[in-house]
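Welcome, and thanks for taking a look at this one.

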Amino acid sequence: MNSRAQRLAADLQRLEADFLLVSAPVNVRYLTGYTGSNGLALISAGATGEGRFYTDFRYQTQSAEQVYEYFEREIIAGGDLLEAAAKTLAATAAGSARRLGIDEDHLTVKQYERLNELLPDGWELIDCAGAVERLRAVKEPVEVTHIRAAAELIDDILGWVCEQGVGGHTERDLAIMIEHEMRVRGAQGPSFPSIVAHGAHGALPHAEPRDVQITRNALLTIDLGAVLDGYCSDCTRTFATGEIPPEQSDVYAIVLTAQQAALQALRPGMSGSDADAVAREIICSAGHSEHFGHGLGHGVGMEVHEGPRLSHTATAQILQAGNVVTVEPGIYVPDAFGVRIEDLVLITEHGHERLSHFPKELLAIS
Ligand code: ZN
Ligand code: ZN
């Protein structure tokens with residue numbers, strides 16, 4: 001049994017599911033190693049539980065190369081994968097009523113109805129949404145290695161941006177240059193559309209880069225991440241393109257203090273809401289409670305936004321060693337300017353390890 005399937009089988013017993021049907025491509029990839037688009041995995045909860053993987057004939061070669069040995073592969077020539085999985089279930093559990101765990105977050109209503117139709121009488125569908133995501137939130141050392149490399153690549157890109165300079169470029173230009181450079185340096189691509197926003201546009205946390213020249217004497221926020229070996233990174237730095245008013249450098253200092261305080265506090269056993277509160281208190285007591293409208297951070301892994309969440313509502317999200325999360329407080333003053341500083345960090349047994357290493361003092365860029 002492979003270790004991921006083993007951890008999953010233990011969780012399924014807790015959820016009182018006999019099997020779990022996994023359909024979300026990212027979850028199928030995590031469990032089976034398969035990176036193609038049409039695949040389905042079925043895991044049984046027993047200690048000696050079996051794993052089965054279904055795909056169609058187009059992926060015969062790819063799945064033979066990628067799918068972990070633990071899984072028995074079934075190549076479907078015609079018909080659909082759900083039908084094949086239902087057949088397996090009917091054959092394994094002939095005569096006895098069973099419970100099939102499904103992921104309601106990812107199964108469509110149509111697929112749900114089809115499963116109900118296909119399964120013999122006595123089968124019950126139970127929602128096990130989040131079961132694979134909970135495993136994915138705690139990274140294995142090999143996954144941390146990939147994320148660390150993806151974070152290092154972003155450190156390098158930020159250094160490259162400083163060398164290149166931003167003068168004469170539009171926000172959109174610069175975003176395209178950044179993403180091109182990521183690919184040149186080995187990334188599969190950006191982990192999300194890069195954000196390049198200066199001046200008043202920086203007050204939008206999810207600003208889309210515009211065809212507008214980056215002007216001097218403004219704050220410039222660059223939020224970027226790369227996908228490397230299937231794992232994402234995420235990092236934000238805010239630069240000054242020359243002289244900025246003292247109000248803006250003061251805000252920068254507040255965000256940096258909040259960011260560093262939250263980092264210092266991070267440790268296993270802490271809730272996502274407690275982590276958020278550390279940064280939020282500093283920002284609020286500096287008079288900017290209205291200007292920090294998003295959560296402190298999020299998990300990062302095969303997807304750029306995954307568990308655990310760090311926000312004021314994340315009281316039930318308890319940090320564990322092996323979580324990889326962002327710490328990204330910001331202050332956004334509408335129609336004026338914005339500052340965000342974001343690091344990617346690994347939660348360790350005793351605290352945290354920073355995976356983003358680009359300097360955080362306010363740097364001038366021209
Ligand atoms: Zn980011
Ligand atoms: Zn982020």
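Predicted model: local features only at pLDDT ≥ 70, side-chain atom pairs only at ≥ 80, totals over all residues.

At 3% relative accessibility, Cys-128 falls under the 20% cut-off and so counts as buried.

**Around Cys-128**

- Cys-128 sits in the loop between β6 (124–127) and α6.
- Which residues does Cys-128 contact, leaving aside its neighbours within four places in sequence? They are Leu-15, Ala-17, Leu-20, Gly-101 and Ile-102.
- Val-22 is 106 residues away from Cys-128 in sequence, yet their C-alpha atoms are 9.8 Å apart in space.

**The chain as a whole**

- The protein chain contains 10 helices and 19 strands.
- Its C-alpha trace spans about 75 × 40 × 35 Å along the principal axes.
- Of the 366 residues in the protein chain, 54% are buried.
- Taking contacts between residues at least 6 apart in sequence, 67% join residues at least 24 apart.

**Two domains**

- The domain assignment gives domain 1 (3–136) and domain 2 (138–354).
- The C-alpha centres of domain 1 and domain 2 are 36 Å apart.
- Nine residues from domain 1 and nine residues from domain 2 take part in the contact.

**Nonpolar cores**

- In soluble globular proteins, nonpolar side chains tend to be buried together.
- The largest nonpolar core here has 38 residues, and Leu-8, Leu-20, Leu-31 and Phe-71 touch the most other members.
- Elements giving two or more residues to this core are α1 (3–14), β1 (19–22), α2 (25–32), β2 (39–44), α6 (131–137), α7 (141–164), β11 and β18 (343–347).
- With four residues, α2 provides the largest share of this core.
- Leaving aside neighbours within four places in sequence, Phe-71 is in contact with Asn-2, Leu-31, Thr-32, Ala-41, Ile-43, Gly-51, Arg-52 and Phe-53.
- A second, separate core has 30 residues, including Leu-219, Tyr-252, Val-325 and Ile-341.

**Helix α4**

- Helix α4 (residues 81–92) has 12 residues, which at 1.5 Å a residue should span 16 Å; the end C-alpha atoms are 17 Å apart, in agreement with that.
- Buried residues in α4 are Leu-81, Leu-82, Ala-84, Ala-85, Ala-86, Thr-88 and Leu-89.
- The cover over these buried residues includes β1, β2, β3 (51–56), β4 (71–76), β5 (99–102) and α5 (109–118).

**Zinc ion (ligand 1)**

- Asp-223 (OD), Asp-223 (OD), Asp-234 (OD) and Glu-342 (OE) coordinate the zinc ion (ligand 1), at 2.0 to 2.6 Å.
- Why is the arrangement around the zinc ion (ligand 1) irregular? The four donor atoms subtend angles of 54 to 150 degrees, whereas a tetrahedral site would need all angles between 85 and 135 degrees.
- Along the chain, the donors of the zinc ion (ligand 1) follow the spacing D-x10-D-x107-E.
- Asp-234 lies in the loop between β11 and β12 and Glu-342 in the loop between β17 (337–340) and β18, so this pair ties together parts 108 residues apart in sequence.
- Both Asp-234 and Glu-342 are buried.

**Zinc ion (ligand 2)**

- The zinc ion (ligand 2) is coordinated at 2.1 to 2.2 Å by Asp-234 (OD), His-298 (NE2), Glu-328 (OE) and Glu-342 (OE).
- This site is irregular too, with angles of 78 to 150 degrees among the four donor atoms.
- The donor residues of the zinc ion (ligand 2) have the sequence spacing D-x63-H-x29-E-x13-E.
- Asp-234 bridges the zinc ion (ligand 2) and the zinc ion (ligand 1), and the two ions lie 3.1 Å apart.
- Distant parts of the chain are linked here: Asp-234 is in the loop between β11 (231–232) and β12 (235–240), while His-298 is in strand β13 (residues 297–299), 64 residues apart.
- Is His-298 buried or exposed? His-298 has a relative accessible area of 8%, so it is buried.
- For Asp-234 the relative accessibility is 3%, so this bridging residue counts as buried.

How values were computed:
Residues numbered from 1 in each chain as written. Chains lettered and ligands numbered in written order. Heavy atoms only, no water. Donors = N, O, S within 2.8 Å, 3.2 Å for Na, K, Ca; no water. Tetrahedral: all angles 85-135°; square planar, octahedral: opposite > 155°, others 65-115°. Buried < 20%, exposed > 50% of the residue type's maximum accessible area, 1.4 Å probe, protein only. Core = buried A, V, L, I, M, F, W, Y, C linked by side-chain atoms within 4.5 Å. Contact = heavy atoms within 4.5 Å. Expected span 1.5 Å × (residues − 1). Domains from an automatic or database assignment.
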